[in-house]
Structures are given as C-alpha cells and as structure tokens.
Amino acid sequence: MAEQSERSARLLVRALYHATDGEPRWWVLPTNLNDLTKEAIAVAVARGWMLDRGDSVCITDAGRELVEGH
C-alpha cells in the first residue's frame, strides 16, 4: 500500500503542476475525496511536494522540481 500511495502522490503532484501551470496557487479540492487520494495528499505533504490547508492544496518548489526533473 505504501508503494501505491507514493505512486499516487507523484501522479497527484504532476496533475496539480499542470492544473496550475506550475505556479504556487491554491487548488480547491472536491469534498468527496476517496481514501487513496487522501493518502496521496498526505504522502505528498510529508515529502514536501505540496501544502495542504484542508480544503485546498498548493504545489511547493520541491513539487515543481519533482515534476520538472522527470
């Protein structure tokens, strides 16, 4: 499960990067997130790839570097 969460976190960061054109803008989350998405957000936050303020997320410099480096 940890490997799936890591993979999902990377995909989520990539999607956020493209949705915000790589800019540090807050993206409002849907209210009905499934457990896999919630876990992916938690992993991305723990890795420093995004910030989470409950109802929205924002990509960090580390998140941009993750996407741009691959």
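**Group meeting: the core, the sheet and a helix crossing**

Okay, let's start inside: the largest nonpolar core has 16 residues, and Ala-9, Val-13, Ile-41, Ala-44, Trp-49, Met-50 and Val-57 touch the most other members. By core I mean buried Ala, Val, Leu, Ile, Met, Phe, Trp, Tyr and Cys joined through side-chain atoms within 4.5 Å, with buried being under 20% relative accessible area (1.4 Å probe, protein chains only). H1, helix H2 (35–46), E3 and H3 each give two or more residues to this core; those labels are DSSP runs numbered from the N terminus, helices (H or I) of at least four residues and strands (E) of at least two.

Bear in mind this is a predicted model, where local features need pLDDT of at least 70, side-chain atom pairs count only at pLDDT 80 or more, and totals for chains, interfaces and linings use all residues. Residues are numbered from 1 along each chain as its sequence is written, and side-chain values use heavy atoms, leaving out hydrogens and water.

Now the sheet. It's open, with 3 strands in the order E1-E3-E2 and antiparallel pairing, where pairing takes at least two DSSP bridges. E1 (27–28) and E2 (50–52) are the edge strands. Trp-27 has Val-57 in E3 as its bridge partner.

And the helices? The axes of H1 (residues 2–19) and H3 (residues 61–68) come within 9 Å and cross at roughly 100 degrees, the axes being lines fitted to C-alpha atoms over the stretch in contact, with angles from 0 to 180 degrees between N-to-C directions. That makes H1 roughly perpendicular to H3 (65 to 115 degrees).

Note on methods:
Parallel < 35°, antiparallel > 145°, perpendicular 65-115°, else oblique. Buried < 20%, exposed > 50% of the residue type's maximum accessible area, 1.4 Å probe, protein only.
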